[in-house]
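Open the structure in your viewer and keep the selection tool at hand. We will go stop by stop.

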Amino acid sequence: MNFLTAEWRKLAMANFEVDPQLLKPFVPAKTELDFWNNTCYVSLVGFMFLNTKLKGIKIPFHVNFEEVNLRFYVKYNDNGNWKRGVVFIKEIVPRPAITFVANTIYREKYETMKMAHKWKSEEERLDVSYQWKCKGIWQKMEVSAVNTPRELVAGSEAEFITEHYWGYSKPNSLTSFEYEVSHPRWEIYDVKSFDLDVDFGLVYGEIFGFLNQATPKSVLLAEGSEIAVKNKRKL
């Protein structure tokens, strides 16, 4: 049985180019940084968890909720088969029970904060916004897009950012945990404009404070789909 099933919907992604050396301390053992066109990315990602079930059971008040995370990209050579995955710097959710389960079982880096979201769908325009309150200050990411999803282009940056089916975490310097996230290939919307009002140093630590002045290399909006998170294994 899957550990968790849900829908991930309306994934807003702001993608920044960073110096690979910045991420080296966060890279789990046995994995290595993954690049697209020699570019190392970190992504700020906001989306909705919908219809969430833990081992097939809906937990009251933990079915539909927001998540915002900061993540980067790695790959792992599994007996000659390269697996492309993500590592999370921090994942923010509004429910403390989710934080407890994820941090305890998957050794992730969840934090609980007050959150909100807003979706507005018109005939030709789709507006998606996610907010979270860190140390008393509201943070926000908003994206406006053409309200017609399209298929990913093979070999594109958008494909690289969205097509990752493995998660890796770093409980210590010698150990890694791996888990599979299964979902169909996502469609994306063409982004027209975006607004980020985020204090990265406040939310993610001073090491990421330089992103306050950085311009994203790209901003994406993916429709998402049903997903399933498998049980973890130790590498």
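This tour of a predicted model visits a sheet, a loop residue and some salt bridges.

Now select residues 125-134 and 137-146. These are strands 8 and 9, an antiparallel pair joined over 10 bridges. Click Lys-133: its bridge partner in strand 9 is Trp-138.

**Stop 1: Val-198.** Go to the loop between strand 14 and helix 4 (200-204), where Val-198 sits. Is Val-198 buried or exposed? Its relative accessibility is 11%, so Val-198 counts as buried. Leaving out residues up to four places away in sequence, Val-198 touches Leu-44, Trp-132, Gln-139, Lys-140 and Asn-212. Leu-44 is 154 residues away along the chain, with 10.0 Å between the two C-alpha atoms.

**Stop 2: salt bridges.** The count is 17 salt bridges. Select Lys-217 and Glu-17, whose side chains meet at 3.6 Å, N to O. Lys-217 is in the loop between helix 4 and strand 15 (218-229) and Glu-17 is in strand 1, so the pair ties together parts 200 residues apart in sequence.

Next, select Asp-34 and Arg-84. Their closest N and O atoms are 3.2 Å apart. Asp-34 is buried at 7% relative accessibility, whereas Arg-84 is partly exposed at 28%.

Finish with Glu-7, Arg-9, Lys-10 and Glu-223, linked in a network of salt bridges.

Note on methods:
Residues numbered from 1 in each chain as written. Predicted model: local features only at pLDDT ≥ 70, side-chain atom pairs only at ≥ 80, totals over all residues. Heavy atoms only, no water. Pairing = 2+ DSSP bridges. Helix = DSSP H or I, 4+ residues; strand = E, 2+ residues; numbered from the N terminus. Buried < 20%, exposed > 50% of the residue type's maximum accessible area, 1.4 Å probe, protein only. Contact = heavy atoms within 4.5 Å. Salt bridge = Lys/Arg side-chain N within 4 Å of Asp/Glu carboxyl O.
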